[in-house]
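Take a look at the model below.

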Amino acid sequence: MSVRSGARGYVLRAACVIAGGALVLAGCTKNTEDNAPTVEKVKVEKVDSIAAKLPEKIKQSGKLVVAVNVPYQPNEYKDADGRIVGYDVDLMDAVASVLGVRAEYQESGFEKIIPGVDAGTYDVGMSSMTDTKEREGAADFVNYFSAGIQWAQQKGKPVDPNNACGKRVAVQRTTIEETEEVPAKSKKCEAEGKPAISIMPFDEQSAAATALVLGQVDAMSADSPVTAYAIKQNKDKLEPAGPLFQSQPYGWPVKKGSPLAAVLQEALQHLMDSGEYRKIAENWGVEEGAITKATINGAVG
């Protein structure tokens, strides 16, 4: 969920090795995935009645400027040619098609997406961002997906997410996994007189997965689609550690009070009703988190 919350700093970059597939390569400095899956684009037609509701500035420019932070496989990352691809990208492209414009992706620091949207630098953010009550104070969110937290472990080396005291757990820096979920579990350990969890933050999610593959950590905590993808790319090395939990909505942030939110919501609902939304999710193997009703500001709790 991102459950990604702010600036991504740098703590440790795993060694650039091949271990279990392309995901490990993605942890290296080139920040692309050589063996990115070939995913068919779903063809989507313009819907004039929805497109007519776009703010005039976007209508005139013919483009939707989208802030994105990569990599975060399988939602947004770069393929071997340096193109930004992923589930989120295909879905946003489909929404843009409904609106008769093109999505122009501009890379941004994760922590700069909402301020950039507020300042008008970007029309919308798209980076697996969890819609939270706190974030709703700074932006409106169009909810398009439901994600939970899912831990992974090395095969045959079980880790209980609810009793990981003394374990080393990899997370992506500034995600909710780093700032809230794992720290809360660690504090519980300490309150019970057990050793704290060693929280190991990484600059990129792929580097966190690499660390687990190499045995540098005991477990990894990440958004459910991201963990599922890491396991899929490293089938011989990784497996789930416990069930998915704490499901919350992903959302696209737009400027607070902007009429764009309702337009994106309507375009998204059209894709849900037509079945094209579901097809995009299935193409990327993330249909478990697919929803049937597009909402605005649907933060849980």
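A residue counts as buried when its relative accessible area is under 20%, and as exposed when that area is over 50%; in between, it is partly exposed. Keep in mind that this is a predicted model.

Most residues other than glycine have a negative phi, and most peptide bonds are trans.

Start with S128. Its phi is positive, about 50°, although S128 is not a glycine. S128 sits in the loop between β5 (124-125) and α6 (133-136). Is S128 buried or exposed? The relative accessible area of S128 is 0%, so S128 is buried.

Now Q246. This residue, also not a glycine, has a positive phi near 55°. Q246 belongs to strand β10 (residues 238-255). With a relative accessible area of 43%, Q246 is partly exposed.

| Peptide bond | Form | Omega |
|---|---|---|
| V70 to P71 | cis | near 0° |
| Q73 to P74 | cis | near 5° |

Where is P71? P71 lies in the loop between β1 (63-68) and β2 (77-78). P74 is also found in the loop between β1 and β2.

**The sheet**

Strand β1 also takes part in an open sheet of three strands. The order is β4-β1-β5, and the pairing is parallel. Which strands stand at the edges? They are β4 (102-107) and β5. Each has a single partner strand, so one side of each is left without a neighbour in the sheet.

Look at β1 and β5. They run parallel and are joined by two bridges. V66 stands opposite V124 in β5.

Helix α4 lies across β1, β4 and β5. It runs at about 140° to β4.

Helix α4 (residues 87-98) also packs with helix α10 (residues 260-274). Their angle is about 105°, and their axes are 9 Å apart. Angles of 65 to 115 degrees count as roughly perpendicular, so α4 is roughly perpendicular to α10.

Which residues of α4 meet α10? They are L91, A94, V95 and V98. On the α10 side, the partners are L264, A267, L268, H270 and L271. By class, this contact of α4 with α10 has eight nonpolar residues, one polar residue and no charged residues.

Definitions and conventions
Residues numbered from 1 in each chain as written. Predicted model: local features only at pLDDT ≥ 70, side-chain atom pairs only at ≥ 80, totals over all residues. Heavy atoms only, no water. Axes fitted to C-alpha atoms, helices over the stretch in contact; angles between N-to-C directions. Helix = DSSP H or I, 4+ residues; strand = E, 2+ residues; numbered from the N terminus. Parallel < 35°, antiparallel > 145°, perpendicular 65-115°, else oblique. Contact = heavy atoms within 4.5 Å. Nonpolar A, V, L, I, M, F, W, Y, C, P; charged D, E, K, R; others polar. Buried < 20%, exposed > 50% of the residue type's maximum accessible area, 1.4 Å probe, protein only. Pairing = 2+ DSSP bridges.
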